[in-house]
Amino acid sequence: MSYPSYPYGYMYPNEVAVGLTWLPIIATYMLFVSIASGSAILLSLEVLFNIGLRRLTPLLLMLSLATGLVYLLGPLADLRRPERAFYILVYPHLVPSDTYSGVSLIALMAGLMWPLLVILLVVLGYITLYRGMWGSIIAKILALALAFTCILWSTYFALLQFTTIPLLTVHNLTPLIPVELLLESIALAGSIALLALLVHYRSLERPIAGILSQVILACSLAFIAFRIFQVFRLHAYMTGSPEATTFIGVFSTLNTVVLILAVLSSILAAHVNLRGSAISASLLALLSLLWVFVDRWLFAVNIQSISKTSLSVIPVSLDLASWALESTAMTLLALFVYYVLYTWVIREPLLKLEGSGGGVG
Amino acid sequence: MSSISRREFVKVAASALVATVALSASKATSREVGGRRWAMFIDVSKCYGCMACVVACAAENNVPVGVFRTWVERHVLPGGGVVFVPKQCNHCDNPPCVKPCPTGATYRTADGLVLVDPGKCIGCGACIVACPYGARYFNPLTGAADKCTFCDHRIKLGRLPACVEACPTRARVFGDLSDPGSEVRRIVDRVQTRVLKPETGAEPQIYYYALPEVASK
């Protein structure tokens, strides 16, 4: 019989036993949340302000629905008792009391917000694409509700981390992390929508690609500025403490990769805006996907591996084979839902929009 | 017609208000009557690391190998001395683990115990992430979150928790903090105690005596 030993510094024995509480599939899940929420935000912006993406709206709706309908498979794969997942709907912890203090963000998101989001997306899609009520007050109210819900949705994991992880070093970074998640979501959704546009029309539709690339550029530049500010803040105020040394150890390398990928994405977005080449648009989608995924991995896996003592890093062995299989399954299912939506639901309104010119108006 | 219905409305509203106040008051009264507050005092200077508490807890609660409801940390002081610090769930007054639980499987009883209903736990791990003390783990046998219960099955029968009963030096003292005559209350009132990580706002209910700074993380 062997006893647990602590060769890595001060940490609690149960941390050694549990390892990563939230499995790496959570990074993929967060990526799906970003695509779904970012696409829905762009869709609602078009309905609210008519920003010139009307011909893109069916694709945005499909992207949002395809990822938004399958993304809960991520946390389902993470649960240790997945067969009880429906308990969130049966016993949702949404009302605080003496016995059950606080409100569970997980219950709020899975039990309340997710059904609401799907309903809002479907109803908004129906009244705009099928009924053509683009400028109606109902469409605008629905779009406003969708935008608010999706902003919350895109920042959800940061809020969950803020309310659960008891590390002060993480809390010190947290004030800007929700904003960064939102910016990343819009940039990523924009890049994927650009790719969908390219696949659907076989070429980059110039005005739409121009607007999208501007949105991506603005979001990625804002993200870079926020993240650099946070790194500066971390080093300026916390360097020297053992807690900060541990945090910087797990944070810095991947954060540098994230920043490099974000810079490359912004350069490509500028290139797409100026030249509009199909290769740079495809590359932009790939780089944005990589950028956001690495950042999600940084927060879902690396930050979680910091011990609750803040003084050491938990030695974790990642089951990358399971993660790869589960992520591939989620992606394939999302592509299937996208295909089904395209074939049976969206094709008709899409053709109608193409026929009418579908421009700004 | 409209004035009558308005009067009726006022009547109904007033009755509802009175009922709500009465319900809240009765709830507050029952809490005061029920009013026990289980807590523990640990004298670090008396612990010599025999691990009897760890073994007793594992045997009493069928704790699987590799995870712990209570454990004893060994710390080396700057001067070279060694201290042993028993740790476990702190049964916090403001428990951070209860808030994120999506199904209410984790809850706090009227007498201050923080417990897990394994039949309602979905194994999301939010409570494990949220506990600042590393006191929770996934039970490999049930898949549910698990932790110290202050041996609620024993204290209901008027017995002490297994770890307290097993301690050969009486380093652990358990009792009702709201009872001025209890031993734990008298000790906590008399000596200078510390709690772990007070900065988290969890208001833990395990009071340490002679806890060195190095072990307070």
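Visitor: Is Arg296(A) buried or exposed?
Guide: The class follows from relative accessible area: buried is under 20%, exposed over 50%, partly exposed in between, with a 1.4 Å probe and protein chains only. Arg296(A) has a relative accessible area of 1%. This is a predicted model, in which local features need pLDDT of at least 70, side-chain atom pairs count only at pLDDT 80 or more, and totals for chains, interfaces and linings use all residues. Arg296(A) is therefore buried.

Visitor: With which residue does Arg296(A) form a salt bridge at 3.9 Å?
Guide: A salt bridge here is a side-chain nitrogen of Lys or Arg within 4 Å of a carboxyl oxygen of Asp or Glu. Residues are numbered from 1 along each chain as its sequence is written, chains are lettered from A and ligands numbered from 1 in the order in which they are written, and side-chain values use heavy atoms, leaving out hydrogens and water. With closest N and O atoms 3.9 Å apart, the partner of Arg296(A) is Asp295(A).

Visitor: Which strands hold Glu73(B) and Lys87(B)?
Guide: Helices (H or I, at least four residues) and strands (E, at least two) are DSSP runs, numbered from the N terminus. Glu73(B) is buried, at a relative accessible area of 7%, and Lys87(B) is buried at 2%. The two residues are 14 residues apart, and their strands in chain B are β2 (residues 70-76) and β3 (residues 82-88).

Visitor: Is Glu213(B) buried or exposed?
Guide: Glu213(B) forms a salt bridge with Arg194(B), the closest N and O atoms being 3.1 Å apart. Arg194(B) is partly exposed, with a relative accessible area of 32%. At 52%, Glu213(B) is exposed.

Visitor: How many salt bridges does the rule find across the interface of chain A and chain B?
Guide: Over all chains, the structure holds 18 salt bridges. Between chain A and chain B, there are 19 residue pairs in polar contact, both at pLDDT 80 or more. A polar contact is a pair of N or O atoms within 3.5 Å; within protein, one must be able to donate a hydrogen and the other to accept it, and residues adjacent in sequence count only if both atoms are side-chain atoms. The number of salt bridges across the interface is 0.

Visitor: Which helix of chain A gives the most residues to the side that touches chain B?
Guide: Helices α1 (13-18), α5 (87-90) and α6 of chain A each supply at least two residues of that side. With 4 residues, the helix that gives the most is α1(A).

Visitor: How far apart are the end C-alpha atoms of helix α7 of chain A?
Guide: The expected span of a helix is 1.5 Å times one less than its number of residues. Helix α7 covers residues 137-154 of chain A, so its 18 residues should span 26 Å. In agreement with this, the end C-alpha atoms are apart by 25 Å.

Visitor: In which helix is the buried residue Ser64(A) found?
Guide: Ser64(A) counts as buried because its relative accessibility is 0%. Leaving aside neighbours within four places in sequence, Ser64(A) is in contact (heavy atoms within 4.5 Å) with Ala36(A), Ser39(A), Ala40(A) and Leu121(A). Ser64(A) lies in chain A, in helix α3.
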